[in-house]
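Take a look at the model below.

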There are 2 protein chains.
Amino acid sequence: MRFAADTNTIEERLADGLSRVEQLFDAQLRSPFPAVEELCCHAQRYRGKMLRPTLLLLTGMGSTQGALIVTESHVVAAATVEMIHMATLVHDDVLDEASVRRRCQTVNSLRGNETAVILGDYLISNAFHLVSRVGDPALNLRLGAVTNALCEGELVQLSRRHDVSLDRATYIEIVRRKTAVLVGACAEIGARLSGASEEVVAACYRVGEHLGIAFQIQDDLLDLTGDEVTVGKSIGRDLEKGKLTLPTILFLEREGARERAAILRAIETRDGETLKSLLLASGAVRGAREYACSLVASARRELAALPQLQVRAVLEGLADKVVDRAN
Amino acid sequence: MRFAADTNTIEERLADGLSRVEQLFDAQLRSPFPAVEELCCHAQRYRGKMLRPTLLLLTGMGSTQGALIVTESHVVAAATVEMIHMATLVHDDVLDEASVRRRCQTVNSLRGNETAVILGDYLISNAFHLVSRVGDPALNLRLGAVTNALCEGELVQLSRRHDVSLDRATYIEIVRRKTAVLVGACAEIGARLSGASEEVVAACYRVGEHLGIAFQIQDDLLDLTGDEVTVGKSIGRDLEKGKLTLPTILFLEREGARERAAILRAIETRDGETLKSLLLASGAVRGAREYACSLVASARRELAALPQLQVRAVLEGLADKVVDRAN
């Protein structure tokens with residue numbers, strides 16, 4: 001049997017679930033040491049779109065017939081994935097020497113790299129501690145594999161810095177590991193904790209993986225073409241840090257020797273304005289955006305596997321927002 | 001019933017267990033990416049005394065009557081604690097800007113802080129992934145609590161850098177969290193995985209905690225009075241990084257205003273030679289050493305709870321080596 005559920009109800013349940021996630025997140029990071037509490041409070045200001053918990057709760061509600069329930073395990077898992085994500089933000093800002101994140105000063109710029117390194121470690125540690133409360137060894141194993149992949153993606157990316165021969169397949173593989181494997185796992189875990197069929201669980205993973213790659217491409221586009229006030233974080237970091245992203249890779253694939261020489265010069269001299277205008281004029285930015293949109297379309301197609309029609313509609317809206325955003 | 005076991009057999013079993021730990025450790029870090037493999041190979045050179053796996057395997061063998069067995073769970077847990085330890089070494093070297101570790105160049109000095117940060121994350125992630133293979137949620141929960149405490153210790157220490165009012169109780173609490181909680185957990189987990197009684201498990205934890213604090217005090221003494229060639233890692237980092245350690249704290253507790261002014265000047269000007277000679281001449285170094293030895297004596301007393309006499313003798317030898325070492 002199947003209960004009727006209108007979009008309003010889904011959104012209410014989601015909002016309620018996300019508020020439980022936030023409460024649990026904050027409770028997990030409580031510490032007897034004022035110095036630790038204060039740092040965690042600062043990091044909590046990084047909390048933004050809550051994409052990962054949202055996806056987990058929605059696939060949790062949408063992947064089986066019956067009542068739309070957000071269980072305690074869903075809430076614990078959702079708080080865990082957000083905590084893993086926040087740890088990566090704190091360490092990413094160290095790597096990128098970024099000074100602004102969600103319109104706040106970053107931990108590294110306020111308190112130094114050392115504190116940011118250990119705060120990130122503390123968040124990772126708390127994430128693994130928190131998820132152990134579910135008491136499901138398979139979930140621990142899965143999340144360990146996810147964070148292994150995430151770090152591998154970052155390590156491969158670091159090893160290819162300033163390497164202008166980076167090809168599209170390798171770029172996508174880096175992005176898949178460093179971003180999309182976690183987003184995929186969110187969608188998968190939501191479904192699995194609801195007891196969905198293996199077929200639905202696998203479809204959910206693919207939804208998240210597609211959206212994760214699209215999300216990262218959009219992030220890279222914002223780093224290239226956005227302004228810091230709108231985006232709310234330090235931009236132009238990819239050029240500064242020697243990270244080749246999709247528009248540049250497409251440009252180098254498609255353009256002639258003279259154009260390639262011009263863009264390589266802009267990269268070498270860290271001339272962001274020239275880089276941006278070359279990529280915009282050549283259609284490489286548009287090409288990257290089209291690729292991200294095609295991934296969103298693939299994700300939307302995979303959503304057909306979800307039995308709950310109204311939840312599916314909410315997820316379709318979420319999928320569109322991955323590429324239609326200015327921050 | 002109780003099988004006879006001579007020390008030789010225990011040492012053979014321990015050596016065999018440690019070799020299984022090393023094999024599992026290396027297998028866990030295998031990666032399809034050459035850039036990742038190469039980094040892990042470098043980090044594996046940090047492997048030193050294997051204190052933590054040794055302690056875990058020995059309490060595993062010594063805490064129950066019957067045959068001295070090293071189970072697969074003991075091996076997995078022992079490889080996990082060593083991996084956690086290695087992750088902390090990699091991140092500590094970033095924090096300390098150290099360039100030498102176990103007579104090798106550190107990852108941060110060879111490949112930059114960014115790579116060292118993510119390599120440390122990769123080791124933490126793999127540790128949690130590995131231990132999930134035991135399939136025991138309580139073990140995951142316990143290790144999560146241990147790494148939470150470890151990071152809290154580091155964060156409190158960072159927040160008290162250059163603070164000459166740091167008192168002895170706070171120093172000991174920092175050391176307990178950043179070092180001794182993990183060592184205690186090693187001894188505890190070894191016993192627990194062997195099915196030891198709660199009383200023996202608790203005694204094992206205390207053995208490890210005492211030894212962990214003693215170990216850190218000895219490390220701090222080597223940083224102060226050792227030479228880099230013998231110690232095998234960068235020394236003088238505590239003074240450089242504004243970390244007050246036990247000899248200085250004892251000196252400030254005991255000495256008069258003029259002596260205190262002299263040592264504060266040495267700290268402010270980072271004059272390592274003067275600091276060292278003041279601490280040696282005043283007996284503060286000896287006082288710190290005596291305190292470490294008293295902790296080893298407490299650990300030895302707690303060992304009386306272990307039913308296996310011969311394993312206990314090996315553990316007593318291990319306890320002595322914690323403070324009788326030059327590297």
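Which residue follows helix 4 of chain B, and is its phi positive or negative? The residue is B:E97, and its phi is positive, near 50°. This is a predicted model, in which local features need pLDDT of at least 70, side-chain atom pairs count only at pLDDT 80 or more, and totals for chains, interfaces and linings use all residues. Residues are numbered from 1 along each chain as its sequence is written, while chains are lettered from A and ligands numbered from 1 in the order in which they are written.

Stay with helix 4 of chain B. Helices are DSSP runs of H or I with at least four residues, numbered from the N terminus. Helix 4 of chain B has 25 residues, which should span 36 Å at 1.5 Å a residue. The expected span is 1.5 Å times one less than the number of residues. The end C-alpha atoms of helix 4 of chain B are 36 Å apart, which agrees. In this helix, 23 of the 25 residues are buried. Buried means that 20 or more other C-beta atoms, placed from the backbone, lie within 10 Å of a residue's own; exposed means 12 or fewer, and partly exposed is in between.

Now turn to helix 14 of chain B, residues 272-282. Its buried residues are B:L275, B:L278 and B:L279. The buried residues pack against several helices of chain B, including helix 9 (198-225) and helix 15 (284-302). B:G283 follows helix 14 of chain B, with a positive phi near 85°.

Next, the two chains. A rotation of 180° with 0.0 Å of shift along its axis superposes chain B on chain A, with an RMSD of 0.0 Å. That is the relation of a two-fold axis. The superposition is by least squares on C-alpha atoms of residues with pLDDT of at least 70 in both copies.

How many residues does each chain give to the contact? Chain B gives 38 residues and chain A gives 38. Residues are in contact if their C-beta atoms, placed from the backbone, lie within 7 Å. Helix 7 of chain B gives the most to the side of chain B that touches chain A, with 14 residues.

Note on methods:
Helices (H or I, at least four residues) and strands (E, at least two) are DSSP runs, numbered from the N terminus. Two residues are in contact if their C-beta atoms, placed from the backbone, lie within 7 Å.
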